[in-house]
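Q: I would like to learn how to read the packing and the strands of a protein model. Where do we begin?

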Amino acid sequence: MNEIIMKFRTKTILIFILFYAFYSYSQNTGNSFDWNNYKTWENKTRYTKTYIVNQKHPNASDSNIGNVNFPLKTINKAAQLVKEGERVLIYSGVYRETILPKNSGTSNDKMISYEAAPGEKVIIKGSKILNQKWEQRKVLTDELPDATLTYTWSRRTWVTTIPDTFFDVNYFPFQLPNILPEEHSLMPWAKLVKNIPPYISSRGLIFQNGQRLKQMEHYADVVRVPGSFWTDVDKKTVHIHSFDSGDPNKSLIEIATKRYLFKPQKVGLNYIQVSGLTFEHCANGFLRTSTAAITTLGGHHWIIENNTIRQINSSGLEFGYLAYEPEDPSPENIHRKEEDNQGFMIVRNNTIHDCGTAGIRSFVVTNGLITGNHIYNIGWQDAENYWECSGIKILVAHKTLVNSNHIHNIQGGNGIWLDWDIRYSRVTQNSIYDVQNIQGGIFIEASHYPNLVDNNFIWNIDGNGIYANDTDYLMVYHNLVANITGNVVHAIVQTDRSQNGRKLTAEENLVYNNIFIDGLPVRFSSNSNKADYNLYVSTKEPNNFKDAINRNGLDANSTFKYAQAYFTSSTCMFKWISDFDIKPVPLLKEVSYDFFNDLKESQNTIPGPFNKLSKETTIVLTEKPVIEDTQLVSIKLEKPIQEQTALVSNRYSADPSAHVFNNKIYIYCSHDKSEESLYTDPVDKFDMIDYKVISINDSLTKVTDLEVALKLEDIPWAKRQLWAPDAAQANNQFYFYFPAKAAHGEFEIGVAIGTRPEGPFVPLPSSIPNSFSIDPAVFRDKDGTHYMYFGGIGGGFLQNKIKNTSQLLPENLKPAIAPKIAKMKSNMIEFDEKPRDILVLNEDGTPILAVDKDKRFFEAAWMHLYKGKYYLSYSTGDTHYIVYAIGDNPYGPFVYQGIILQPVIGWTTHHSIVEFDSEWYLFYHDSHLSGGITHQRNVKMCKLHYDDLGKIQPIYPYGK
């Protein structure tokens with residue numbers, strides 16, 4: 001790293017930096033800069049033309065004009081046609097191509113956009129399917145049949161040779177090391193790792209049924225590690241050990257062939273938007289610049305939002321003024337005009353995961369906004385010692401805001417790293433946890449200018465919490481830093497480098513109003529650095545912070561306490577338990593808002609990122625708190641309705657089935673228990689013992705929590721677990737349907753009858769004959785016939801009812817387990833037929849497979865009619881979506897359409913859809929009020945919207 005100054009060798013770059021230094025200094029000082037008002041902008045384009053790309057359309061062809069009836073087949077063809085003020089609208093499909101945009105937008109009202117059509121799932125893959133046969137070359141005697149071949153010395157390994165013709169022209173990932181020999185001169189700070197893996201490992205990526213195999217350096221390792229591969233010395237012959245140690249010929253094998261997935265044809269294309277797309281399988285290299293799977297190649301004014309970037313060999317996303325290292329000999333590395341350094345990159349609400357070195361890596365970012373991104377499982381290459389690995393790494397960030405990002409599970413890299421000549425940039429409201437690296441959860445490196453790190457939640461860092469290397473004037477305010485193996489804040493002079501003609505130092509850094517839990521004390525290398533008004537917490541006696549800090553003469557007004565703190569990463573739930581009230585601290589003018597963007601109060605400001613932290617508090621980081629801890633009791637409640645807020649907040653309610661009876665909405669719910677469960681099994685914790693009904697009046701202004709409608713103790717055949725119910729009106733009565741576990745330990749479905757929609761309901765002495773599983777939903781068709789949809793896998797035991805031979809197929813070919821349908825007799829208490837399977841198809845007419853967990857049925861089926869079409873919706877279970885499919889009759893088949901509801905807080909998701917007063921509503925639940933406890937949920941509602949084609953618009957319960 002001592003040679004990092006070589007980043008700026010060229011005269012052009014030095015002139016640029018010196019000019020910007022003077023300009024920045026003359027415009028702002030740390031005292032006058034407004035940290036709450038970063039410049040921003042928005043796309044105001046009214047598109048004059050839309051190119052449609054739909055590879056599945058029967059008329060699709062790249063010779064078409066690109067409209068709805070005659071769409072283009074590839075995205076890259078559209079990228080050659082689209083011009084300023086136009087967009088490319090892409091429909092579902094797997095597009096195995098690199099997108100090479102030709103043209104630039106010219107302003108924020110004449111942008112170019114590449115976007116997924118509403119509700120469509122667009123996947124751009126840099127891989128090809130390998131249809132070549134894998135074989136086992138067995139040695140049957142003490143003589144080799146052919147000494148020129150490589151043999152499989154284990155029955156677990158298989159081998160094939162991949163011809164050069166399989167790959168793109170002049171790009172052969174298995175023959176290329178991650179860092180080319182000539183690239184080391186561009187990254188002299190990586191000199192120590194020139195000759196060791198993974199830097200000399202190949203760029204080859206192999207996927208078996210969507211899972212990435214690990215590259216081994218020796219054949220013997222492949223034998224021992226399922227889900228691995230090794231490339232022979234010819235760099236073409238590949239040995240594989242399948243995840244199940246079985247025959248790879250029975251699996252889908254994909255091999256990455258592309259160097260890029262999205263790359264402009266030249267440096268400096270501007271005003272481009274990329275939205276709603278999934279990018280995966282890119283065999284890129286490790287060079288710091290110009291190598292990301294998705295690169296803006298030096299353009300300014302891009303919006304990159306709501307995309308997924310995953311399974312990348314090196315870095316996922318790259319943007320910034322400098323597209324290449326200054327001395328890179330690439331012919332694309334052109335001289336840049338000063339006016340091109342406008343920046344204004346917006347990168348928001350993307351999901352970036354399973355990238356080998358970095359999620360985001362960029363060079364010279366001015367006026368940038370990086371917000372709301374979920375970045376995780378980064379650094380699987382374990383390449384820390386070439387010093388370019390991080391969840392987010394930005395070199396030369398000027399007036400850039402990095403906020404509200406969710407970053408975790410980073411190996412050999414930082415959560416967020418701002419490196420070299422950082423000016424007036426802010427890192428705030430981010431959650432960073434489970435990071436292992438030498439430096440820190442947040443790393444600010446090499447700056448002579450003020451920067452602000454505040455309101456961040458940093459947990460479980462094998463390294464330092466906040467690391468300030470060769471940095472002056474850094475403000476570290478109102479963070480929570482916990483479970484750190486290194487220093488909670490580490491600010492020292494680390495090197496002898498200079499910047500802009502001045503030696504780098506570590507002076508006048510300020511560490512105020514933070515909460516530090518279990519780590520080593522603050523470390524400074526200069527007395528000009530200050531720390532005060534912090535809360536130092538130890539979770540076990542004694543408090544080791546206090547003596548060390550008093551020896552340093554710091555923290556005269558800080559507090560040292562004992563408390564308990566827990567964090568559950570799966571639900572992002574933070575639990576704080578103490579026997580003291582936190583002492584208020586002075587309000588800092590640079591920090592006006594807390595982690596959840598609530599205004600801080602001058603009289604009651606406390607250390608840390610949260611406005612309120614009482615003696616016992618549970619906070620879910622991904623959702624702003626609505627209520628404080630209160631005892632939950634069962635009372636009658638009336639209150640105004642508010643969308644996406646718990647309809648009843650004084651108790652728990654779940655699994656809403658909504659119907660309109662007597663011009664009111666009645667919601668039939670499960671009733672989760674308020675007390676702590678005694679069970680340890682997650683399924684057993686859903687141990688409900690009664691049902692209550694919620695009603696909403698005709699003006700949708702009042703919610704009423706009604707009395708108990710049915711109790712477990714009154715049901716003769718039921719033993720436990722009253723799960724998701726439903727209701728129907730017929731024969732001048734109301735029928736209440738519910739699942740419960742019978743004496744044999746599996747679910748059956750029962751009926752109870754009442755004279756009022758809210759009950760009480762009187763249960764029949766036995767369950768519905770031939771009923772089984774869970775989640776009954778009763779639908780009344782146009783002709784008055786009633787049908788019950790039901791079933792659930794996992795805890796609903798539907799998988800136990802499969803008796804056909806389909807389950808004997810290989811895992812990647814098994815059809816998804818089907819939900820069930822049965823027509824009801826007119827008496828509404830019996831089936832009129834044997835339950836049938838419901839077939840749900842992909843758009844191409846093939847059955848949805850069990851491995852397609854984003855689409856396949858798991859539980860919670862619901863049926864509604866819209867404009868003569870039958871909409872079947874259901875939960876996907878462990879991927880946590882509510883999705884839907886459309887058919888022409890109650891039995892189907894149904895064709896998958898897309899997602900209705902994005903994942904909610906808590907594991908389960910369950911819903912219903914109802915029309916009331918010519919408006920459509922979605923009812924659902926989440927575990928927000930319980931702090932993420934999955935078996936304690938609350939029912940919510942929101943409006944549901946259709947487009948002109950009958951597509952349901954996706955709902956993001958907490959905003960995109």
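A: We begin with one residue and its neighbours, keeping in mind that this is a predicted model. Beyond the four places on either side of it in sequence, Phe279 touches Ile99, Ile124, Leu261, Phe262, Val274, Ile294, Asn307, Thr308, Ile309 and Arg310.

Q: Which nonpolar core has 76 residues, and which residues have the most contacts inside it?
A: In soluble globular proteins, nonpolar side chains tend to be buried together. Here the 76 residues form the largest nonpolar core, and Phe279, Ile360, Ile392 and Phe516 have the most contacts within it. A second core, of 39 residues, is separate; among its members are Phe790, Ile793, Val883 and Ile899.

Q: Which residue of E25 stands opposite Ile360?
A: Strands of a sheet pair through backbone hydrogen bonds, either parallel or antiparallel. In this model Ile360 faces Ile392 of E25. Strand E22 (residues 358–366) and E25 run parallel and are joined by seven bridges. E25 also pairs in the parallel sense with strand E28 (residues 414–419), over five bridges; there, Leu395 has Asp419 of E28 as its bridge partner.

Q: Why is strand E25 described as largely enclosed?
A: Burial is counted residue by residue. Nine of the nine residues of E25 (residues 390–398) are buried, so the rest of the structure largely encloses this strand.

Q: Which way do the residues of strand E35 point?
A: In a regular strand the side chains alternate between the two faces of the sheet. In E35 (residues 489–492), Val489 and Ala491 point one way, while His490 and Ile492 point the other way; all are buried.

Q: How many bridges join E35 to strand E32, and to strand E40?
A: Strand E32 (residues 457–471) runs parallel to E35, with four bridges between them, and Tyr467 is placed opposite His490. With E40 (residues 523–524), E35 pairs over two bridges, again in the parallel sense. In that pairing Ala491 is opposite Phe524.

Q: What is the order of strands in the open sheet of three, and is the pairing parallel or antiparallel?
A: The order is E44-E45-E46 and the pairing is antiparallel. Strands E44 (564–568) and E46 (616–620) are the edges, since each pairs on one side only. From one strand to the next, the twist averages 10 degrees. Between E44 and E45 (residues 573–577) there are five bridges, and Thr568 has Met573 as its bridge partner in E45.

Q: How many disulfides does the structure hold?
A: The structure holds zero disulfides. The test is the distance between two cysteine sulfur atoms, which must lie within 2.5 Å.

Key:
Residues are numbered from 1 along each chain as its sequence is written. This is a predicted model: local features need pLDDT of at least 70, side-chain atom pairs count only at pLDDT 80 or more; totals for chains, interfaces and linings use all residues. Side-chain values use heavy atoms; hydrogens and water are left out. A nonpolar core is a set of buried Ala, Val, Leu, Ile, Met, Phe, Trp, Tyr and Cys residues joined through side-chain atoms within 4.5 Å. Buried means under 20% relative accessible area, exposed over 50%, partly exposed in between (1.4 Å probe, protein chains only). Contact means heavy atoms within 4.5 Å. Two strands pair if DSSP finds at least two bridges between them. Axes are lines fitted to C-alpha atoms, for helices over the stretch in contact, and angles run from 0 to 180 degrees between N-to-C directions.
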